[in-house]
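Hi,

Here is the structure I promised to pass on. Have a look first, and then read my notes below with the viewer open.

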Amino acid sequence: MGNSKVNMDSIPEDMWEKIDNKEKESDLISRPSLTYFQDAWRRLRKNIMSMIGLVIIIILILTAMFGPLFSKYNFSDQSLKMASLPPRLELFKIDNENYIYLANGLKIYSSTSNGEIINLLNPVKQDFQKKFKVYELNGREIVLDFSDKPFKLLNKNDNEYPFYKKVWNKNHLLGTDDLGRDLLIRIIYGARISLLIAFVATLVNFFIGVLYGGISGYAGGRVDNIMMRIVDIISTVPLMLYVILLMVVLKPGLKPIIIALGSVFWVRMARLVRGQILSLKEQEFVMAAKTIGATNLRILVRHLLPNAMGPIIVSMTMMIPTAIFTEAFLSFIGLGVPAPLASWGTLCNNALGGYRSYPYQLFLPSLAICITMLAFNFLGDGLRDALDPRLRK
Amino acid sequence: MNKEKDVIIKVRNLKKYFPVKKGFLKRKVQYVKAVDDISFDIKRGETFGLVGESGCGKTTTGRTIIRLYDVTDGDVIFDGTNISTMKEKDLSSFRKRVQMIFQDPFASLNSRMTVGDIVGEPLDIHKLASGKERQERIYSLLKTVGLSKEHASRYPHEFSGGQRQRIGIARALAVDPDFIICDEPISALDVSIQAQVVNMLEDLQKELGLTYLFIAHDLSMVRHISDRIAVMYLGKIVEVAKSEELYKNPTHPYTKALLSAIPIPDPDVTHKRESVTLEGEVPSPINPPKGCTFRTRCKYAFETCKNKEPSMKNLGGDHTVACHLLDNKK
Amino acid sequence: MSEKILEVKNLKTSFYTHLGEVQAVRGISFSLNKGEVMGIVGESGSGKSVTSLSIMKLLQYPGEIKSGDIFFKGENIVNKKNKEMLNIRGNEIAMIFQDPMTSLNPVYTIGDQIMEVIIRHQGLSKKKAKEKAIDMLRLVGIPSPEERVSNYPYEFSGGMRQRAMAAIALSCEPDLLIADEPTTALDVTIQDQILKLMKDLKEKLDTSIILITHDLGVVADICTKIVVMYGGLVMEEGTSKDIFYNPKHPYTMGLLKSIPRLDLGEKKRLIPITGTPPDLIKPPMGCPFTARCPYAMKICSLHAPKYTKIDENHKAMCWLLHKQSPNMKMDTGVKRGVINE
């Protein structure tokens with residue numbers, strides 16, 4: 001209170017004038033106007049983990065959409081010569097211009113010093129009894145002695161070529177798969193498929209769940225009772241089993257997966273929406289809508305659902321990783337999208353055969369699944385806090 | 001004037017029972033008798049107060065009259081039309097003439113809609129105005145309740161309780177109603193704000209010739225605003241009188257107890273006041289006592305009270321009471 | 001009987017929200033003597049509940065006591081740790097909350113909840129504690145307490161729950177009882193019972209009571225001393241008679257004018273206090289009531305007035321009481337009821 005300057009004993013005459021406060025009558029609002037979602041966004045922004053999740057999701061979506069434009073490979077381009085090249089290459093120096101990379105399976109590639117693979121070398125001579133192969137590179141002879149581990153790369157005079165260094169694979173940043181397809185582009189395409197399935201399945205769930213739960217909750221009474229018993233029965237069927245059976249009947253493909261996921265997960269959404277509607281419909285604003293003559297449809301669409309949106313959005317955000325995971329699982333057990341399409345699950349499945357020799361082929365798509373699921377879960381958690389009406393002040 | 005014409009709403013033997021479902025198969029076994037056989041008339045242009053404690057059925061009465069609940073039995077005759085048996089879809093013209101103001105200013109406005117849309121919704125539903133006309137109407141409604149047009153684009157949570165209640169009033173006024181049910185419109189507000197809202201309701205009544213059913217538990221406010229007051233206890237009306245008369249000459253033992261329990265904001269007066277303490281608790285409305293429902297807590301109760309339900313007796317001057325003590329005195 | 005049990009000096013409490021610092025209590029001082037019943041009156045947002053939570057040190061994040069002192073029985077408790085407060089709370093200072101429906105734990109019996117406090121603070125055996133719990137229930141007027149002691153809260157009605165709350169609060173015979181709107185959620189007939197109970201308890205146990213309410217009727221009924229709060233400041237303080245019959249602050253007068261009187265015959269139009277309370281994020285420079293005050297002067301909006309002593313117990317914070325202030329004709333809002341007999 002900045003009134004210390006006032007001399008209490010002599011206050012200027014003009015201070016005692018009565019103020020005509022017309023403006024005090026009007027109810028001025030000084031605080032900024034924030035809608036529900038602006039307010040939630042403000043709160044979400046403060047949650048570091050969710051913002052990290054959100055950024056990852058945005059990067060993921062952008063990459064999935066535009067990534068392929070910047071790649072010289074196509075997801076289905078095969079090159080058997082370049083099969084199963086890892087992202088990290090161990091180079092041996094032949095001379096100043098020539099370097100080679102010794103791959104698993106006793107294959108030797110010529111390369112530049114910074115890791116650009118030039119070609120697969122063909123042996124000029126090979127002897128499996130004595131266990132050696134002879135190659136020629138720009139007039140130099142290279143002998144690969146695989147009689148004893150570690151394998152040795154020798155020159156004509158039996159001197160070992162020196163290990164040069166580990167470099168990144170410049171042709172294929174994340175390496176190639178067993179058919180020589182670029183793994184990076186396949187993971188990006190996998191993201192397309194996985195995210196597409198997840199979003200579409202979630203949207204389908206959203207519409208069925210909201211419609212079913214909304215009607216059930218709003219109608220109440222016997223209708224509600226019957227509709228919820230149906231939901232109960234559906235939820236007793238083991239979901240995974242049901243999806244697997246459905247997939248077997250429908251033949252693997254993009255649409256069947258969406259149908260399978262969409263027809264199953266709405267049960268939880270329906271229950272959630274019903275619960276929300278049940279508690280909201282007793283509120284006075286719904287009564288007010290009735291007294292002004294609003295139809296049931298109007299009450300449901302204009303009043304009840306917008307108020308139930310918070311929990312619905314949170315549930316949808318949490319449903320996406322579940323859908324991604326289920327899709328990955330289905331693909332992993334061979335019920336996923338058919339080749340040459342790739343989802344993260346099929347990538348993992350393909351890598352399974354050679355995972356001892358080429359662990360990166362399994363690790364990288366799995367990592368993509370993990371990061372995506374974590375990102376969505378972090379975002380969902382943040383949204384739950386941000387949209388919780390109890391925290392609103 | 002024809003006497004019938006003076007009455008805007010006539011409630012006859014109104015009952016509203018809520019089923020209590022019990023057991024495995026949810027068979028209806030019992031009923032909560034929230035409103036049990038009440039009758040009253042409200043005259044055009046008057047304010048009819050309805051008081052009672054929580055659970056006495058006053059809110060249910062209001063909601064049943066406006067058909068938020070279906071009527072179990074009895075008639076509600078609004079301006080000559082019996083609306084108690086009407087189907088929901090035929091109620092449209094009734095909904096244009098009868099409106100409601102709710103208790104909780106925080107729950108009665110949809111927080112996802114702007115104030116303009118909230119006030120404008122009745123206009124949309126009844127197709128009363130659209131486009132520019134709708135806009136103008138919303139602004140004038142907001143002005144009527146002392147808000148400005150800048151408020152139309154704001155959301156309810158930006159307003160204080162009193163302001164929200166005024167938005168609720170604006171919404172009720174949008175359809176230009178004749179009769180408004182005020183369901184505890186001020187009990188959630190601060191004292192200094194209560195007077196603002198009450199004065200506004202009084203002004204609107206004078207200007208627009210409105211009729212109010214004013215439901216509240218605060219007897220001093222009800223007495224201030226109402227012309228006549230009905231006192232409810234356990235689903236029944238026990239006494240109806242002009243508000244002066246009710247205060248000066250309360251006749252039913254429950255009315256007496258209720259009036260005496262109210263502390264007066266005047267230390268000397270309130271210290272002298274001798275309140276009649278009511279013993280015990282309000283009985284369950286599922287199994288209300290036979291005979292007079294108040295007899296379990298009434299210190300004057302005698303044999304007749306147990307067996308016979310008291311009927312409403314007119315004491316003259318619009319003062320009616322349901323109590324057996326009146327027979328005894330004679 | 002002028003032993004000071006509680007003295008609050010220049011207490012400031014703020015809530016740190018995203019919009020800024022909400023200065024809920026902005027420097028209030030008052031004291032309470034033993035056996036006194038003090039009412040804190042004010043509307044929502046005036047800081048009355050925050051004051052009581054500050055005294056109990058029950059402020060939740062993001063609220064905290066910014067400065068000031070709270071002396072309880074001569075000891076400053078502002079800097080006490082939570083652990084030390086545990087021995088004071090429930091034992092020497094007890095509290096009754098507004099909502100009897102949520103302030104009892106639904107999964108324990110009423111008896112358990114009373115016994116918990118007794119065992120915690122008095123170290124009685126379980127059997128003795130139960131006897132005491134039954135005694136307490138009898139004291140607060142619950143019929144057949146021997147049976148009721150093993151009931152769950154849902155088996156009690158609202159009024160009975162509030163009595164049970166009182167039984168818990170009083171079981172350790174606290175020196176100070178803080179009741180935050182104890183009757184607001186209750187019906188008038190039950191309110192009447194609770195108020196009678198509080199009067200009885202004061203007589204029997206000589207407990208000092210702080211009653212926080214917005215209901216002037218309740219205050220007139222049981223308080224001997226009244227503090228009127230507005231905008232986080234004490235506007236006026238005095239005995240119950242000072243406040244009701246000789247109010248000096250326009251806000252107090254406004255409150256008296258805005259409520260209808262059941263006992264006075266004539267039906268007069270109510271005079272509301274116009275406008276809405278100030279935003280405590282940006283509290284006004286001068287007197288917080290300026291914007292709603294019918295007598296506001298230039299000085300009011302610029303400088304906060306100092307307290308003027310009217311007599312020993314009565315003081316108010318208003319420029320109108322300054323010796324230089326112009327004489328204004330004021331409707332004080334005092335209505336004297338007719339006392340029968």
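**Helix packing in chain A**

H3(A) and H7(A) cross in a right-handed sense. Before going further, please keep in mind that this is a predicted model.

Back to that helix pair: H3 covers residues 183–219 of chain A and H7 covers residues 266–280, and the two pack with their axes 7 Å apart at an angle of about 40°. That angle makes H3(A) oblique to H7(A). If you want to see which side chains to display, the H3(A) side of the contact includes Asn205(A), Phe206(A), Ile208(A), Val210(A), Tyr212(A) and Tyr218(A). Glycines take part too, among them Gly209(A), Gly213(A), Gly214(A) and Gly217(A). On the H7(A) side, the residues they meet are Trp266(A), Met269(A), Ala270(A), Val273(A), Arg274(A), Ile277(A) and Leu278(A).

There is another helix pair to look at in chain A. Helix H1 (residues 36–45) and helix H2 (residues 48–66) of chain A have axes that come within 7 Å and cross at roughly 100°, so H1(A) and H2(A) are roughly perpendicular to each other. Here Trp41(A), Leu44(A) and Arg45(A) from H1(A) meet Ser50(A), Met51(A) and Leu54(A) from H2(A).

**Domains**

How far apart do the C-alpha centres of domain 1 and domain 2 of chain A lie? The distance is 52 Å. By the domain assignment, domain 1 of chain A runs over 88–168 and domain 2 over 183–391.

Chain C is also divided into two parts, with domain 1 at 4–223 and domain 2 at 230–321. Taken over C-alpha atoms, the centres of those chain C domains are separated by 27 Å. Across the boundary, 20 residues of domain 1 of chain C are in contact with 20 residues of domain 2 of chain C.

**Two spots in chain A**

Phe132(A) sits in strand S6 (residues 132–137) of chain A. Its contacts, leaving aside neighbours within four places in sequence, are Lys125(A), Gln126(A), Asp127(A), Val143(A), Leu144(A), Asp145(A) and Phe146(A). Ser147(A) is 15 residues away from Phe132(A) along the chain, and their C-alpha atoms are separated by 7.0 Å.

Leu352(A) is in the loop between helix H10 (344–351) and helix H11 (359–387) of chain A. Is Leu352(A) buried or partly exposed? With a relative accessible area of 35%, Leu352(A) is partly exposed. Setting aside neighbours within four places in sequence, Leu352(A) is in contact with Phe332(A) and Leu362(A).

**A serine in chain B**

Ser84(B) lies in the loop between strand S5 (81–82) and helix H3 (92–97) of chain B. Its relative accessibility is 8%, so Ser84(B) counts as buried. What does the side chain of Ser84(B) make a polar contact with? The partner is the side chain of Asn82(B), at 2.7 Å. A polar atom of the Ser84(B) side chain also lies 3.4 Å from the backbone oxygen of Gly74(B). Apart from neighbours within four places in sequence, Ser84(B) is in contact with Arg67(B), Val71(B), Gly74(B), Asp75(B) and Val76(B).

Most residues other than glycine have a negative phi, and most peptide bonds are trans.

- Asp37(B) has a positive phi, near 65°. This residue is in strand S2 (residues 27–43) of chain B, and at 32% relative accessibility Asp37(B) counts as partly exposed.
- Asn10(C) also has a positive phi, near 50°. Its place is in strand S1 (residues 4–17) of chain C, and Asn10(C) is partly exposed, with a relative accessible area of 42%.
- Tyr61(C) and Pro62(C) are joined by a cis peptide bond, with omega about 5°. Pro62(C) is in the loop between helix H1 (48–56) and strand S4 (63–72) of chain C.

Cheers

Conventions: Residues are numbered from 1 along each chain as its sequence is written. Chains are lettered from A and ligands numbered from 1 in the order in which they are written. This is a predicted model: local features need pLDDT of at least 70, side-chain atom pairs count only at pLDDT 80 or more; totals for chains, interfaces and linings use all residues. Side-chain values use heavy atoms; hydrogens and water are left out. Domain bounds come from an automatic or database domain assignment. Helices (H or I, at least four residues) and strands (E, at least two) are DSSP runs, numbered from the N terminus. Buried means under 20% relative accessible area, exposed over 50%, partly exposed in between (1.4 Å probe, protein chains only). A polar contact is a pair of N or O atoms within 3.5 Å; within protein, one must be able to donate a hydrogen and the other to accept it, and residues adjacent in sequence count only if both atoms are side-chain atoms. Contact means heavy atoms within 4.5 Å. Axes are lines fitted to C-alpha atoms, for helices over the stretch in contact, and angles run from 0 to 180 degrees between N-to-C directions. Angles under 35 degrees count as roughly parallel, over 145 as roughly antiparallel, 65 to 115 as roughly perpendicular and the rest as oblique. A crossing is left-handed if the near helix is turned anticlockwise from the far one by less than a right angle, and right-handed if clockwise.
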